[in-house]
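I set out to record what I looked up in this structure, entry by entry. The structure comes first, and my notes follow.

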Amino acid sequence: MTQNEFIQIVSLFQDKVYRLAKRLLVSAEEAEDATQEVLVKLWNKKEDLNAYSSIEALAMTMTKNFCLDQLKSKRAGNLRLEHSNFTNRDASLLQIIEDKDSLSWVEKSINQLPEQQKMIVQLRDIEELEFEEIAIILEMKEIAVRVALSRARKTIRTFMQKTHGYGIK
């Protein structure tokens, strides 16, 4: 595999790798370091990449494992939701403030989830990966991913109902 071929393949999912790393590590600098580390590892495996059915799934798995290793060695329990895809350029200032407040409450509810559920919410609802891909990345059965996502969403919904009285009439 040539350098140009590698760059073309990696450019398709490099941002997803960074966002997952940022979700897990919080710090932009640490996420950049993690992304670079994963890409270097992929480059070192470049001759064997054709053996994988999904290089993106491999990269996401490597990112997850690298970040969890970093967290174990440094500071487990200090995670934060980062959703950089959330923008609305046409919204009024009041709407932007309300949206940020809502996102902040969702962030708080996600931070209360177990680690595995946080990753599943990130990969499914933010990165929009398919259940099959998530199952490969997290080394779980697809049905277990679906169940964990359902439980995570229910926990978030319950938190939002208790906090804001949503859905209570």
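I looked up Ile 120 and, leaving aside its neighbours within four places in sequence, I found it in contact with Asp 125, Ile 134, Leu 138, Met 140, Val 145, Ala 148 and Leu 149; contact means heavy atoms within 4.5 Å. I note that this is a predicted model, in which local features need pLDDT of at least 70, side-chain atom pairs count only at pLDDT 80 or more, and totals for chains, interfaces and linings use all residues. Residues are numbered from 1 along each chain as its sequence is written, and side-chain values use heavy atoms, with hydrogens and water left out.

Ile 120 belongs to the largest nonpolar core, which has 43 residues; together with Leu 42, Leu 123 and Leu 138 it touches the most other members. I took a nonpolar core as a set of buried Ala, Val, Leu, Ile, Met, Phe, Trp, Tyr and Cys residues joined through side-chain atoms within 4.5 Å, where buried means under 20% relative accessible area and exposed over 50%, with a 1.4 Å probe and protein chains only. H1, H2, H3, H4, helix H6 (115–126), helix H7 (131–138) and helix H8 (142–164) each give two or more residues to this core. The largest share, nine residues, comes from H4.

I counted eight helices and zero strands in the protein; helices (H or I, at least four residues) and strands (E, at least two) are DSSP runs, numbered from the N terminus. Of the 169 residues, 38% are buried.

Which residues of H3 are buried? I listed Ala 31, Ala 34, Thr 35, Val 38, Leu 39 and Leu 42. Seen down the axis of H3, these fall within an arc of 130°, so they line one face of the helix; the arc is that of the directions from the helix axis to the C-beta atoms. On the other side of H3, Glu 29, Gln 36 and Asn 44 are exposed. The cover over the buried residues of H3 includes helix H1 (3–11), helix H2 (14–25) and helix H4 (55–73).

Leaving aside neighbours within four places in sequence, Lys 64 is in contact with Leu 20, Leu 24, Met 119, Ile 137 and Leu 138. The side chain of Lys 64 reaches the backbone oxygen of Ile 137 at 3.2 Å.

Terms used. Polar contact = N/O pair within 3.5 Å; in protein donor to acceptor, adjacent residues only side chain to side chain.
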